[in-house]
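Thanks for coming. I will go through a sheet and then a pair of helices. Please have the structure open.

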Amino acid sequence: MSILFEPCVIGSVRLRNRIIYSAMDLRSGDGDGLFNDRSRESAVERARGGAALVYAPGVECRIYRGDCGTSLCLEDDAAIPGMRRFVEEVKAAGAAAGIQIGARGTRTAGQEETLAPTSMRFGYERRVPREIRRDEIHSFVQVFAETTGRAKEAGFDVIELHACTGKLLSMFLSPYSNRREDEYGGSLENRMRFPLEVLNAMLAEAGNIPIVLRLTVDDMLPGGIELAEGCEMARRFCAAGAAAIQASGGTQERIWNISPCYRMKEGYLIPAARAVKQVVDKPVIAMGKLGDPKLAEHVLESGAADAVSLGRPLLADPYWPEKVRKGETDSIRRCVGCLNCFSSCGNPRLKDYGSRCTVNPSTLRERSFAIVPARKKKRILVAGAGLAGMEAARVLARRGHEVILMEKAEAPGGQWRIASAGAHKHDYRAILPWYERELRRARVEIRFGCEVDVRTVASLGVDCTVVATGAEPNNLRVFRLGGCAPKMVQACDVLMGKAEVGQRVVVVGGRYIGMEAAVLLAASGRHVSLVEACAIGHGTNPRLFGFYRDDLVRYGVYLYPDSPVLRLTAEGVDVAHCDALLSLPADTVVTAVGTHPVHELYDALIAAGMDCRIIGDARQIGDALFAVREGAELGREL
């Protein structure tokens, strides 16, 4: 039996295995800080999937009442019944129930001012927080204690204290953010004072409920907590009564370090867990991109940790533990590290849904989104094997429909193949083999190299056609002086190695594809300028953009934000920059100015009076999350 499935003891609690579903803020609160059915059912699904300890989304402690936003709170007894129901259902599904308790400080919803150990400007927020007073520190200690008491009354088995990722407690621990000169700042003993007061107050309320400390042991930031000091903190917290340490890293200043995307190395926090394990006599929990079952097993077998905490891997596939236990690892739907689970809540099209997962459209609607047999079996053609088409075909076939999937290219993926082309996109590329296996298992008939038209549809005798023909890149429409201009190529062709590019390059378009093309070309020794009519990286996920920005700087790309293209000339590109015309010499212009839907097949089928539906980019340009989501929804509808 894999070591992952050996029992594990944390304090007074015996876990059925060593897999923990991490506490994550899924933006699923009801607006008043209370659990809603969606967040409870989502957690229960992870318990059914085999996790041994399932945490509720993190609870926020506040000393000033205000708008809770989408966060969860335990400010009064009204929250206890919902918490108790969560505990009962998680336990009924075979797991222990845990709750994480923390406080934000900065980035707090519903407050005019934010709080920090020291009043200083941070890179991630324009508001300068106010220095928290001693009386407010004491108030926070009391709120943590009261929240712990309510968690105990609700019946939780484990409580986790959040002292990581640049939130309030870890801000006090870090010399980068704590520059106080009183008893709460300066020496390690002083910086630990507030978090220790919180821990002691919680222990007094918790009784025999173990308190796990999720602790930043390395800020990954000059001037912050370094690993040696983090290990000493862990040792002292364990001596004070913490039942286990979950070794975390990173701060809000470099937010990409706390939310491992496809750019992060697998298991990047294993060295931190191993270092902590050497100095404490309590269980150590490893975290940080451990979604590969072999890697998770290795962490335990090597003695680096006693358990593994998985967040996004179980968000992507709730049944990860059960599939690993059964040896069905090839059926695991892997997290691709896109971090749409963070950015989706800010998207107007998903405003009321909380966090969403690109590869798992069932997230936060597990019960209502179950795949059930179709009442009437149909013969259905899906035109286009991008993400939308493959997901639709997969779901339709699992419901019992006879499905034909046709794609004009010789391989599946559509726009996702371009998105996956970068050297750092290994995680992205994992989803296509999964779809190919799942489509075969569902007995979908797949035909590549097939152009679909009205005649094709008519000859197949299908009941309905799903049009998922995707999108094509836009061309740069701009005035050309004298009819002469540099060679123009598409950024997607650059990424796929299909375009010849000169030595002096202007890339037009500063979002993901444009930035990737600019870095790729600059890394090959070319002189590259990146121009964008808005801010460089506008609308991208800040947890990803930091990597792109650093690459642009590292490879010497010349950046021109807020610089719309005016015209092309024989010498290069003229842009509006700093309220004046700027001429950028170039022999090649690389365009990354968006895409447009390809819906001619849909128009023709409608004109012919045929039953059809349209999904994905063919209907409206979006990202992978919307493509998979629309395929999943249509697959359940037909």
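**The sheet and the helix across it**

Helix H19 (residues 512-523) lies across strand E21 (504-508), strand E22 (527-531) and E27, and runs at about 165° to E22. Helices (H or I, at least four residues) and strands (E, at least two) are DSSP runs, numbered from the N terminus. Angles run from 0 to 180 degrees between N-to-C directions, and axes are lines fitted to C-alpha atoms, for helices over the stretch in contact. Contact means heavy atoms within 4.5 Å.

This is a predicted model, so to say: local features need pLDDT of at least 70, side-chain atom pairs count only at pLDDT 80 or more, and totals for chains, interfaces and linings use all residues. Residues are numbered from 1 along each chain as its sequence is written, and side-chain values use heavy atoms, with hydrogens and water left out.

The open sheet has 5 strands in the order E20-E27-E21-E22-E23, with parallel pairing; two strands pair if DSSP finds at least two bridges between them. Strand E20 (487-490) and strand E23 (558-560) are the edges, each pairing on one side only. From one strand to the next, the twist averages 20°. E20 is joined to strand E27 (residues 588-591) by 4 bridges, and Met488 has Val589 in E27 as its bridge partner.

Now the helix pair. Helix H3 (residues 134-154) packs with helix H6 (residues 193-206) at an angle of about 30°, the axes being 8 Å apart. H3 and H6 are therefore roughly parallel to each other, a term used for angles under 35 degrees.

Conventions. Angles under 35 degrees count as roughly parallel, over 145 as roughly antiparallel, 65 to 115 as roughly perpendicular and the rest as oblique.
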